[in-house]
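Hi everyone, thanks for coming. I'd like to walk you through a structure today, so please have a look at it while I talk.

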Amino acid sequence: MKIALLSRNRRLYSSRRLIEAAQERGHEVVVIDVLRAYMNIASHKPSIHYKGEPLESFEAVIPRIGASVTSYGCAVLRQFEMMGVVSLNESVAITRSRDKLRSLQLLSRKGIGLPLTGYANKPDDIKDMIKMVGGAPLVIKLLQGTQGIGVVLAETQKAAESVIEGFMGVKADILVQEFIKEAGGSDIRCFVIDGKVVAAMCRTAAPGEFRSNLHRGGKSSLIKITPEERSTAVRAAKIMGLNVAGVDLLRSNHGPVVMEVNSSPGLEGIEGATNKDIAGMVISNLEKLTPGKTGTRGKG
Ligand code: ADP
């Protein structure tokens with residue numbers, strides 16, 4: 001197959017591994033920086049140009065679109081889809097999963113366990129909003145944040161009020177969430193491919209920190225997940241319409257709760273923790289997809 005890898009940096013671990021795994025299987029991979037691609041959207045024959053040449057005869061596309069370029073990146077991906085090129089994850093599913101609020105609403109609609117979560121733009125009564133999600137301690141999250149940046153733990157009512165006021169003062173969109181203390185600073189990353197959890201790891205926060213992101217000094221290790229966690233992860237990926245997803249769970253007193261469903265899960269942490277060839281599994285799944293037939297059902 002001729003595969004387009006949408007990535008802004010071919011030297012990143014995940015990009016390198018996907019290229020390697022595809023080449024080992026006899027595929028040709030072309031790395032495309034989405035921001036440098038330009039499109040003809042008005043014609044009957046949709047096309048994409050790159051460095052002065054049309055991108056043609058691709059059979060599959062692997063989107064690894066960074067959070068900061070979601071909108072343009074998904075437009076380029078959509079153009080590939082319009083040209084009949086099959087995508088590992090479809091643009092509509094990526095857009096859906098990148099919107100934290102929309103994702104949580106879709107997941108809650110289907111009964112997936114979630115931390116008690118509130119969202120507000122300009123509440124007149126911050127105290128009532130805090131009460132609505134069970135009071136302090138609370139986690140307050142900037143909607144645009146990634147890699148744990150903009151995720152704050154407010155341990156007291158007063159701290160929660162002033163952090164919320166502060167964020168609102170700078171017109172930031174925030175989520176206010178029940179703090180899952182019993183997770184003990186650990187979360188679980190489930191790597192889902194085509195309706196199966198193919199690998200799982202536990203990430204534990206550095207001492208004195210509650211965020212387990214590897215970028216925040218968290219450490220990863222192997223974990224055996226329960227059947228309930230497995231089915232929660234699989235269902236969450238399916239609801240988003242993602243064929244490949246990284247589902248982040250917390251172990252709460254009320255069962256597994258989903259924090260986030262990631263459409264471009266990194267490979268470094270999970271391959272390191274599990275010693276599995278996840279890149280190989282991703283490519284062999286890509287080989288099985290047929291254009292127009294992925295997990296996306298076209299909902300919300
Ligand atoms: P990001 O998308 O920026 O990584 P997350 O929402 O995943 O932000 O939060 C970062 C980390 O903070 C998580 O990996 C988890 O360890 C911790 N965390 C987030 N939300 C909660 C919560 N409600 N209760 C306990 N810990 C949380």
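**Around the ligand**

Let's begin with the ligand, where 20 residues surround it, and the closest are K141, G148, S212, N213 and E260. Do keep in mind as we go that this is a predicted model.

What does K141 do here? An N or O atom in the side chain of K141 is 2.7 Å from an oxygen atom of the ligand. The backbone takes part in the picture too: I180 places a backbone N or O atom 2.9 Å from a nitrogen atom of the ligand, and F210 has a backbone N or O atom 3.4 Å from an oxygen atom of the ligand. How much of the ligand does the protein bury? Taken alone, the ligand exposes 540 Å², and the protein buries 96% of that. As for the elements that give two or more residues to the shell around the ligand, they are β9, β11 and β16 (255-262).

Now, let's stay with β9 for a moment. Strand β9 covers residues 138-142, and four of its five residues are buried, so β9 is largely enclosed by the rest of the structure. β9 pairs in the antiparallel sense with strand β10 (residues 151-154) over four bridges, and also with strand β11 (residues 174-178), again antiparallel, over five bridges.

L35, Y38 and Y72 make a nonpolar surface patch of about 270 Å². L35 sits in the loop between β2 (28-32) and β3 (37-40), and L35 is partly exposed, with a relative accessible area of 39%.

Definitions and conventions
Residues numbered from 1 in each chain as written. Predicted model: local features only at pLDDT ≥ 70, side-chain atom pairs only at ≥ 80, totals over all residues. Heavy atoms only, no water. Patch = residues over 30% accessible without salt bridge, like charges linked within 9 Å, V, L, I, M, F, W, Y side chains within 5 Å. Areas by Shrake-Rupley, 256 points an atom, 1.4 Å probe, with all protein chains shown as cover. Salt bridge = Lys/Arg side-chain N within 4 Å of Asp/Glu carboxyl O. Buried < 20%, exposed > 50% of the residue type's maximum accessible area, 1.4 Å probe, protein only. Pairing = 2+ DSSP bridges. Near = heavy atom within 4 Å. Polar contact = N/O pair within 3.5 Å; in protein donor to acceptor, adjacent residues only side chain to side chain.
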